[in-house]
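The points below are numbered and may be read alongside the display.

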Amino acid sequence: MNSDTQLDLWEVFIQSKSGQPYIHAGSIHASDMKMAMQNARDTYTRRGEGTSIWVVPSKYIVASNPDDNAMLFDPSNDKIYRHPTFYVMPEGAKNI
Amino acid sequence: MHNEHSDSNFQSRIDKGEHIEARDYMPENYRKHLIRQMSQHAHSEVIGMQPEGNWITRAPSLRSKQILLAKIQDEGGHGLYLYSAAETLGISRQELIQSLHSGKAKYSNIFNYPALNWADIGAIGWLVDGAAIVNQVSLQRTSYGPYSRAMVRICKEESFHQRQGYEIMAKMMKGTKDQQAMAQDAMNRWWWPSLMMFGPHDTDSPRSSDAVKWRIKRETNDELRQKFIDKTIPQAELIGLKVPDDKIKLDEKTGHYKIGEINWEEFQRVVAGHGPCNKQRLDHHKLYFNQGAWVREAAEAYKQKHLKQEMQTI
Ligand SMILES: [Fe+2]
Ligand SMILES: [Fe+2]
């Protein structure tokens, strides 16, 4: 077995400010969680880009298949009752 | 029937300005072109650390040493962004590095020139990073999503690189006669190779048309080179540096500078491996890659051991 590998691939998610969503920043290579965290910090947050980091082994990411887009992301235009404008509010109703 | 896996559907997505993501259908040549371009780009960031790294221990002040270290660390980071973006195309990091070591993959020719003295650090930051920025700003709008996102991140970091280089040049031009001569000498040596960084003229660039059609490249070599020339000549004049080209003329009608002939023979010679530092750059990369093998092995062994322990505690 060739033991000289480039280690495992991890995906990095960064929260830029508290309260903000975690956004995918890119990926890094590391052999374990601690190294993954350190490498993510060094690679993606050298200028205060983040206040919090998630790292996830790439092999555990489940991605949708673009071929299924039509089915998965159908805009459901026939289900207009999902939108607030569908409903009739009584005249004079406020703050709703 | 509408076929999502057809080249015509792919091209119409491109024409609409959509981005292509890793799992989307793409023609094999689009993938190949991207792997070649992105890996060359990644290798350039990493190999580019060498000429500057040569001056870390000899930087003239603590301030300049800190700046240079931070800049070189950024370049290593740029390499990593680009390697991981290239990996989304289904090529492994091992394969990418093997191709560099075998000579199959290239890196930017500019890094086959030596950094002879401190003025070169100024010239590299100002001219080499300056040329790279023009190219990279344009690539922020490239059609492949992961490449485009890596470019956005890189561009945010690049402007400090160019400014620190220009600051060095400006300081030297305000210094002694000797310092001015050093700055001018560095300018003379780096000007033409920087113009060559944009690649051959559009008329001599066989792969360019596909790259433009697929919107991998958003502007042609000559368009980008002209942007760099127009930005840089006034910067040189401002600090009293002479551009080493007697034919330079501002075309009043177009507002663009015209330049003399680029020496493409020299370019081809350096690309073919006969530049001053080609062998040194690759040998250095191989040496440290091989010396790092035990670290990767140890990390791998540590992981295996801890995986076992984790399994036992479950
Ligand atoms: Fe860079
Ligand atoms: Fe740079």
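**Notes on the sheet and the helix packing**

1. Strand 1 and strand 2 of chain A run antiparallel and are joined by eight bridges. The model under discussion is a predicted one. The hairpin formed by strand 1 and strand 2 of chain A has six residues between the strands, and A:G19 adopts a positive phi near 95° in this hairpin.

2. Strand 1 of chain A, which covers residues 8-15, also pairs with strand 3 of chain A, again in the antiparallel sense, over six bridges.

3. In what order do the three strands of chain A lie in the open sheet? The order is 2-1-3, with antiparallel pairing. Strand 2 (22-30) and strand 3 (52-57) of chain A are the edge strands, each pairing on one side only. From one strand to the next, the twist averages 30°.

4. Chain B contains 13 helices and two strands. Along the principal axes, the C-alpha atoms of chain B fill a box of roughly 70 × 55 × 35 Å. The radius of gyration of chain B is 22 Å, which agrees with the value near 20 Å that a compact globule of 314 residues would have.

5. The remaining points concern helix pairs in chain B. Two packed helices are described by the angle between their axes and by the distance between the axes. Helix 6 (residues 118-139) and helix 7 (residues 145-173) of chain B pack at an angle of about 150°, and their axes are 7 Å apart. Because angles over 145 degrees count as roughly antiparallel, helix 6 of chain B is roughly antiparallel to helix 7 of chain B. The contact of helix 6 with helix 7 of chain B has 16 nonpolar, 10 polar and two charged residues. Helix 6 of chain B passes helix 7 of chain B in a left-handed crossing.

6. Helix 7 of chain B packs with helix 8 of chain B as well, at an angle of about 140° and with the axes 7 Å apart. These two helices of chain B, helix 7 and helix 8, are therefore oblique to each other. On the helix 7 side of chain B, the residues B:M169, B:M172 and B:M173 meet B:Q179, B:Q180, B:M182, B:A183, B:A186 and B:M187 in helix 8 of chain B. By class, this contact of helix 7 with helix 8 of chain B has seven nonpolar, two polar and no charged residues.

7. Helix 8 (residues 177-196) and helix 10 (residues 221-238) of chain B have axes that come within 10 Å and cross at roughly 160°. Helix 8 of chain B is thus roughly antiparallel to helix 10 of chain B. Which hand does the crossing of helix 8 and helix 10 of chain B have? The crossing of helix 8 and helix 10 of chain B is right-handed. From helix 8 of chain B, B:M187, B:W191, B:S194, B:L195 and B:M196 meet residues in helix 10 of chain B, namely B:R225, B:F228, B:I229, B:T232, B:I233 and B:A236. The contact of helix 8 with helix 10 of chain B has eight nonpolar, two polar and one charged residues.

Methods: Residues numbered from 1 in each chain as written. Chains lettered and ligands numbered in written order. Predicted model: local features only at pLDDT ≥ 70, side-chain atom pairs only at ≥ 80, totals over all residues. Heavy atoms only, no water. Pairing = 2+ DSSP bridges. Helix = DSSP H or I, 4+ residues; strand = E, 2+ residues; numbered from the N terminus. Axes fitted to C-alpha atoms, helices over the stretch in contact; angles between N-to-C directions. Parallel < 35°, antiparallel > 145°, perpendicular 65-115°, else oblique. Left-handed = near helix turned anticlockwise from the far one by under 90°. Nonpolar A, V, L, I, M, F, W, Y, C, P; charged D, E, K, R; others polar. Contact = heavy atoms within 4.5 Å. Rg over C-alpha atoms; globule rule 2.2 N^0.38 Å.
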